Amino acid sequence: MPRPISPSLPEKTFVISAIQSSLRLDGRALLELRTPDVDFFDHVLGKVEVAMGETRVLAHVTGKMVKPPPERPFEGILSIHAEISPMAGWEDYEAGRPSEEEVTLNRMLDKILRRSDALDKESLCVLAGQRVWHVTLTIHPLVDAGNVVDVSVLAGILALKHWRRPEVEVVGEEIIVHPASERAPLPLSMNHTPYCFTFVLFPPAKVPDIGEDDMEPVPVLDPTTLESKLSNGKIVIALNAQRELMVVQKSGGLPLSEEQTLNIIDVAVERAKDMDSLVNRVMKEDWDTRVVEFR
């Protein structure tokens, strides 16, 4: 696989100096998100395409009934699978060989959506020890133009909220699955709705008479691919609109003070509230256009 082309020195100098002056190439403020664009599929529940800028992610939820593992007889199963194909970015990904970004994406999705218990797994139990729902969330990044993890988490949340499982009736030891033509399918029970926000860090502009140790890095929210490549650090925050933290992950060489870390978390809380309002709005708009018919 050929090595990806690195940004040129003039490009690097221009982008960093612009960010140090509170400017970005796409015209956004440093702590401004790209506006999400959500597209639900007409005749399929639980399938959604989410775009933020040029980054596009497809999420799809399916479910089937299986026998639960003996150590967890009262809980359903949530499986998450994400694969970044060369179509998402031919310079950075190769078919058949998991990239570092793909491994990171799978780990973050597992932490934020599965291990945080966003989905109420006990509600997926049909018959204790015999049958539970196995829900599979598949994530396909279509275009990676930066910040694919945050967009994938949003797409996964929307797909889980949008999917409906058939109503099931238990009569003695018999399990009856009612098709959508007989009874309206049921939504998944969610404990909470987490969102992910990635901030990249840039060195501050030099100021006379102020030492570099006394100056704090410049955080940039929702970075593009170029901004991510040129940054000197990153902090990823996953939380819900109720200020409950799931993940705080810092990487890179630039240090953050406790005060600046708390300020970044406060920004993430406000963005989570905005994202929660957007999710509720697009879900309501989509369901207002659908007609559920059953006998």
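Predicted model: local features only at pLDDT ≥ 70, side-chain atom pairs only at ≥ 80, totals over all residues.
Local features require pLDDT of at least 70 and side-chain atom pairs pLDDT 80 or more, whereas totals for chains, interfaces and linings use all residues. Residues are numbered from 1 along each chain as its sequence is written, and side-chain values use heavy atoms, with hydrogens and water left out.

**Exercise 1.** Determine how helices H3 and H5 pack.

*Solution.* Step 1: helices are DSSP runs of H or I with at least four residues, and strands are runs of E with at least two, numbered from the N terminus. Step 2: H3 (residues 148-162) and H5 (residues 258-288) pack at about 40°, with axes 11 Å apart; axes are lines fitted to C-alpha atoms over the stretch in contact, and angles run from 0 to 180 degrees between N-to-C directions. Step 3: H3 is therefore oblique to H5, as angles under 35 degrees count as roughly parallel, over 145 as roughly antiparallel, 65 to 115 as roughly perpendicular and the rest as oblique. Step 4: the contact (heavy atoms within 4.5 Å) involves Leu154, Leu158, Lys161 and His162 of H3, together with Met275, Val279, Val282, Met283, Asp286 and Trp287 of H5.

**Exercise 2.** Locate Asn147 and decide whether Asn147 is buried or exposed.

*Solution.* Step 1: Asn147 sits in the loop between strand E6 (131-143) and H3. Step 2: phi of Asn147 is positive, about 60°, although Asn147 is not a glycine. Step 3: buried means under 20% relative accessible area, exposed over 50%, and partly exposed in between (1.4 Å probe, protein chains only). Step 4: Asn147 has 8% relative accessibility and so counts as buried.
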